Amino acid sequence: MTVSRRGFLGAGGLALAGASMISGRTQAASLPEAPTMTEATMQPPLYPKSGPDYQPVVTLNGWTLPWRQNGDWKEFHLVAEPVVRELAPGMKAHLWGYNGQSPGPTIEAVEGDKVRIFVTNKLPENTAVHWHGQLLPNGMDGVGGLTQPHIPPGKTFVYEFVLQKSGTFMYHPHSDEMVQMAMGMMGFFVVHPRDPAERRVDRDFVFLLNAFDIEAGSYVPRVNEMTDFNLWCWNTRVFPGIDPLVVRQGDKVRVRFGNLTMTNHPIHMHGYDFKVTGTDGGWVPEGAAWPEVSIDVAVGQMRAFEFVADAPGDWAIHCHKSHHTMNAMGHDVRTFIGVNMNKTAPALKKIAPGYMPMGGAGMGEMGSMEMPLPDNTLPMMTGYGQFGPIEMGGMFSVVKVRPGLAHDDYKDPGWYKHPEGTVAYEWTGEKLAEPARGTSPDSGVKATEFRAVDPRKRPVRAAKAGGHGNH
Ligand SMILES: [Cu+2]
């Protein structure tokens with residue numbers, strides 16, 4: 001794990017604090033260290049060294065926040081601060097986050113734990129942290145102005161509460177919330193059951209859905225945007241920058257996600273049906289878990305689903321809103337499908353030198369196109385698989401199910417080697433007859449031009465040809 005130490009106290013100080021058995025606030029006199037992460041790559045799961053056993057989660061392109069045990073209390077230290085986050089190779093964003101990254105580190109603990117979370121504010125404005133979904137004393141709920149004073153720049157506040165139940169939670173600011181969430185401030189919070197056998201899985205993946213509006217060539221999101229975002233992210237990453245979900249064949253797998261964007265996302269996984277087993281309100285009773293292949297997650301909600309990974313392969317997992325599997329795209333581009341661009345291009349080139357005709361046969365060609373881009377932006381769709389460009393961006397990744405992996409091996413295993421005879425293939429046998437619908441019998445117009453014909457003129461021509469009035 002690449003964790004650099006901020007050095008709030010040395011190793012000696014840590015041992016001294018750990019040995020102290022004084023309970024309550026006086027113990028908080030010494031701050032626990034606040035580790036920071038400098039990389040956007042997935043870090044290995046953090047196995048518990050004491051207390052009840054559990055299968056730790058892995059955070060896509062993220063990490064779990066180390067803690068210290070201090071008497072009865074599990075102590076964490078979050079630092080709210082400006083960060084630089086790589087969204088995918090080729091683009092970095094200047095955001096706000098926690099402990100070096102956006103989103104912040106995942107907090108993991110166990111049902112019944114007493115947690116003490118220090119929050120240091122290194123932002124240029126007030127902040128506060130809300131523990132989304134947790135049952136806690138009102139004054140620990142983190143709503144600046146309502147349940148506590150805002151945390152001013154440079155100050156550290158302490159949150160203390162007992163984890164009432166296991167499940168899937170988030171944390172995010174409740175202080176200048178619109179700006180601070182648009183700047184990337186959020187994190188995952190997982191509470192494991194006290195009984196290690198309860199709801200046990202072999203792999204447990206977590207990520208947050210977030211969205212940014214960053215103009216091509218710039219670094220800072222436009223925080224006032226409400227609908228027209230151009231970067232649809234999982235954990236502040238876009239495809240092909242999102243980690244694959246690497247799974248050992250036969251494993252029981254859980255995927256949990258929370259939605260902190262301004263719209264809903266139907267998350268769809270290929271190759272499997274799965275059971276929806278959790279919401280932010282808690283676990284779905286086992287007999288009531290329902291089957292899906294897509295599960296919509298509304299704004300502010302979380303969902304968890306589970307499946308047994310019995311089918312090996314490279315299975316796509318993505319948001320089913322097709323605009324959300326695109327990177328920075330202009331939404332004011334006109335549709336040219338069916339237009340014969342060879343006819344219009346010469347005229348357009350006269351007024352716009354360098355104009356490139358495209359879109360007449362769809363936009364898939366953009367997946368393989370290498371065009372000069374401004375600094376610090378990403379192609380609209382990109383990412384290559386073993387058979388060519390995948391033509392995706394944004395909220396897209398791959399569940400890679402492989403036999404024989406070690407139980408804690410999350411390394412990308414490369415592309416799936418398909419057994420012979422199991423890949424869709426080109427028909428090379430007898431040539432098929434051309435379908436009769438290829439031309440219009442009345443006009444003689446070629447199929448490629450057909451839809452570009454002015455429809456107002458067609459009845460006239462049809463009448464001249466006679467007979468076929470019934471198209
Ligand atoms: Cu979506």
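Biologist: In which loop is the place of Leu 135?

Modeller: This is a predicted model, and the answer refers to its strands as numbered from the N terminus. Leu 135 lies in the loop between S9 and strand S10 (156-162).

Biologist: What is the strand order of the open sheet of four strands?

Modeller: The strands at the edges are S7 (107-110) and S9, each with a single partner strand, so one side of each has no neighbour in the sheet. S7 is joined to S12 by four bridges and runs parallel to it, S11 and S12 (residues 187-192) are antiparallel with five bridges, and S9 (residues 129-132) is antiparallel to S11 with four. The pairing is mixed, and the order is S7-S12-S11-S9.

Biologist: By how many degrees are neighbouring strands of this four-stranded sheet turned against each other on average?

Modeller: The sheet in question is the open one with the order S7-S12-S11-S9. With direction ignored, its neighbouring strands are turned against each other by an average of 20 degrees.

Biologist: Which residue in S12 is the bridge partner of Phe 169?

Modeller: Phe 169 belongs to the face of S11 that also holds Gly 167, Tyr 171 and Pro 173. The bridge partner of Phe 169 in S12 is Phe 189.

Biologist: Why is strand S11 (residues 167-173) described as largely enclosed by the rest of the structure?

Modeller: In a regular strand, side chains alternate between the two faces of the sheet. In S11, Gly 167, Phe 169, Tyr 171 and Pro 173 are buried on one side, and Thr 168, Met 170 and His 172 are buried on the other. S11 is largely enclosed because its buried residues number seven of the seven.

Biologist: How many of the eight residues of strand S6 (residues 91-98) are buried?

Modeller: S6 is joined antiparallel to strand S5 (residues 73-88) by eight bridges, and Glu 86 stands opposite Lys 92 in S6. S6 is largely enclosed by the rest of the structure, because its buried residues number six of the eight.

Biologist: Which residue in the turn of the hairpin formed by S5 and S6 has a positive phi?

Modeller: Two residues lie between S5 and S6 in this hairpin. The phi is about 110 degrees, and the residue is Gly 90.

Biologist: Which strands stand at the edges of the open sheet of five strands?

Modeller: The order of this sheet is S15-S26-S23-S17-S21, with mixed pairing. A single partner strand for each edge strand leaves one side of each without a neighbour in the sheet, and these edge strands are S15 (245-248) and S21 (294-297).

Biologist: Which residue in S23 is the bridge partner of Met 269?

Modeller: Strand S17 (residues 265-269) and strand S23 (residues 313-319) run antiparallel and are joined by three bridges. Met 269 has as its partner in S23 the residue Ile 317.

Biologist: Which residues touch the most other members of the largest nonpolar core?

Modeller: In soluble globular proteins, nonpolar side chains tend to be buried together. Val 238 touches Leu 87, Trp 232 and Leu 378, among others beyond four places in sequence, and Leu 231 is also one of its contacts. Of the 87 residues in this core, those that touch the most other members are Leu 231 and Val 238.

Biologist: What is the mean pLDDT of the protein?

Modeller: Residues 4-26 stay under 50, and residues 459-471 are below 50 as well. Across the protein, 75% of residues reach 70 or more, and the mean pLDDT is 84.

Conventions: Residues are numbered from 1 along each chain as its sequence is written. This is a predicted model: local features need pLDDT of at least 70, side-chain atom pairs count only at pLDDT 80 or more; totals for chains, interfaces and linings use all residues. pLDDT is the predictor's confidence in each residue, from 0 to 100. Two residues are in contact if their C-beta atoms, placed from the backbone, lie within 7 Å. Two strands pair if DSSP finds at least two bridges between them. A residue is buried if 20 or more other C-beta atoms lie within 10 Å of its own, exposed if 12 or fewer, and partly exposed in between; C-beta atoms are placed from the backbone. A nonpolar core is a set of buried Ala, Val, Leu, Ile, Met, Phe, Trp, Tyr and Cys residues joined through C-beta atoms within 7 Å. Axes are lines fitted to C-alpha atoms, for helices over the stretch in contact, and angles run from 0 to 180 degrees between N-to-C directions.
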